[in-house]
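Open the model in your viewer and keep the sequence panel beside it. This tour tells you what to select next and what is there.

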Amino acid sequence: MPVKILVVDDEPDLELLVRQKFRRQIREKAFEFVFAHNGAEALACLEADPGIDLVMTDINMPVMDGLTLVSRIADANPTLKAIVVSAYGDMQNIRAAMNRGAYDFLTKPIDFDDLDVTLDKTVKRVQFLKQQQAEHDQLIAIQQELTVATRIQQAILPCDFPPFPSVQGFDLFAEMIPAREVGGDFYDFFLLDPDRLGLAIGDVSDKGVPAAIFMAVTRTLLKSVALTGISPGDCLRQVNRLLSLENASYMFVTLFYGILNIRTGEFQYSNAGHNPPYLIGRAEGASPLDAPPQVVLGIDENALFETKSIDLVPGSGLFLFTDGITEAFNSRLEMFSERRLRECLDRGPTMSTKELIRTVVNEVRDFIEGAPQSDDLTMLAVRHGV
């Protein structure tokens, strides 16, 4: 695209002179010139043609002078630059124009070699500013898209508590706080039948939008397979096979999935490389569940997953979490750690699951002391028999 220059001057011969001087650039479509005879005409041209790149204007003109025009240009469009042309020795007006936002100046009679250099420098500056503006606009568009993606991601995670008001016998709460606009962590819970509650928590290997997409796919597959009612180990085996066969990005996900029998307290579970949950609400305090982290999902399509089982007594339960909790760093590069998490869980043996999760979140935030959140914070807590 040619550089479009608006020349503003009331001298009748200037248009012919400019077209003659720049005839080669005009022919080669390097420059395109538009002409106006005063500031008012120039503003009308700028309003009609937003593609004008720079303005070269005289100062002394009828209707609207060049100083007023320069001020109006600077206020309306910061990427549009003005070159002021004035008589030699008219330094007071030139300084006034520069103070009002002019980018450069030329003196009359115009030295066309000097004009070439000035135009070249100004065009480069305008192009640089336009590139900056385009990049800024692109970032704004990306930010808007990420905002929408955040709302979509939050909407696909269940967030109504209590989740099943008509079903008694358990207390459940969950929360995810992404480190970026969108995250790779997820949790889920769903009823398999009137007596059995499915619980899951996962963490994708990457961050940002790719991780969020992989997370959504994993969650969808998990729930679809889990609702068939098969054991947790068989469920993870099928989900892993489906993820591995179509995993061109070579991402993976850690995932813990379990089934709580609301009536009896039996909890069946299987662990695909995830942090073992903590048993909570017991007299002996919080302790990690015996859930050895088997292979992660998405790598080996033939991997097998063991199903284990434990009986929960009324009032006891589980605290599921991702490593963003224990690996939260403060400004001294210290980690929150499993020890601090266990101490926090031990302080709330009779808390509701919502109170417990909010306590953990507050403890982590107090610990990191305002340091940037390095990973998603995701938790799910459930108590049986309450």
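Select Val63. Val63 is exposed, because its relative accessible area is 72%; exposed means over 50%, buried means under 20%, and partly exposed lies in between (1.4 Å probe, protein chains only). Val63 sits in the loop between β3 (54–58) and α4 (66–76). Helices (H or I, at least four residues) and strands (E, at least two) are DSSP runs, numbered from the N terminus. The phi of Val63 is positive, near 65°, and Val63 is not a glycine. Most residues other than glycine have a negative phi, and most peptide bonds are trans.

Before moving on, note that this is a predicted model, in which local features need pLDDT of at least 70 and side-chain atom pairs count only at pLDDT 80 or more, while totals for chains, interfaces and linings use all residues. Residues are numbered from 1 along each chain as its sequence is written, and side-chain values use heavy atoms, with hydrogens and water left out.

Select Leu333. Leu333 is in the loop between α9 and α10. Its phi is positive, about 65°, although Leu333 is not a glycine. Is Leu333 buried or exposed? Leu333 is exposed, with a relative accessible area of 67%.

Now go to Phe161 and Pro162. The peptide bond from Phe161 to Pro162 is cis, with omega near 0°. Pro162 belongs to the loop between α6 (112–156) and β6.

**The open sheet**

Colour β1 to β5. Five strands form an open sheet here, in the order β2-β1-β3-β4-β5, with parallel pairing. Two strands pair if DSSP finds at least two bridges between them. Look at the edges: β2 (31–36) and β5 (104–108) each have a single partner strand, so one side of each has no neighbour in the sheet. Neighbouring strands are turned by 20° against each other on average, direction ignored.

Zoom in on β1 (residues 3–8). Six bridges join β1 to β2 in the parallel sense. Val3 stands opposite Phe31 in β2. Axes are lines fitted to C-alpha atoms, for helices over the stretch in contact, and angles run from 0 to 180 degrees between N-to-C directions.

**Inside a helix**

Select Thr218 in helix α7 (residues 208–226). Thr218 counts as buried because its relative accessibility is 0%. A polar atom of the Thr218 side chain lies 2.8 Å from the backbone oxygen of Phe214. Which residues does Thr218 touch, not counting those up to four places away in sequence? They are Phe186, Leu243 and Val253.

**Strand β14 and its partners**

Show β14 (317–321). Five of its five residues are buried. Gly317, Phe319 and Phe321 are on one side, and Leu318 and Leu320 are on the other. β14 pairs with β11 in the antiparallel sense over three bridges. Ile280 stands opposite Gly317 there. β14 also runs antiparallel to β15, and five bridges join the two. The bridge partner of Leu318 in β15 is Val382.

Select Glu175 in strand β6. Glu175 counts as buried because its relative accessibility is 19%. The side chains of Glu175 and Arg358 make a polar contact at 3.2 Å. A polar contact is a pair of N or O atoms within 3.5 Å; within protein, one must be able to donate a hydrogen and the other to accept it, and residues adjacent in sequence count only if both atoms are side-chain atoms.

Finish by selecting helix α11 (residues 353–368). At 1.5 Å a residue, its 16 residues should span 22 Å, and its end C-alpha atoms are 23 Å apart, which agrees. The expected span is 1.5 Å times one less than the number of residues. The buried residues of α11 include Leu356, Val360 and Phe367. Among the elements that the buried residues of α11 pack against are β6, β14 and β15. Step to Glu369, which follows α11: its phi is positive, near 55°.

Methods:
Contact = heavy atoms within 4.5 Å.
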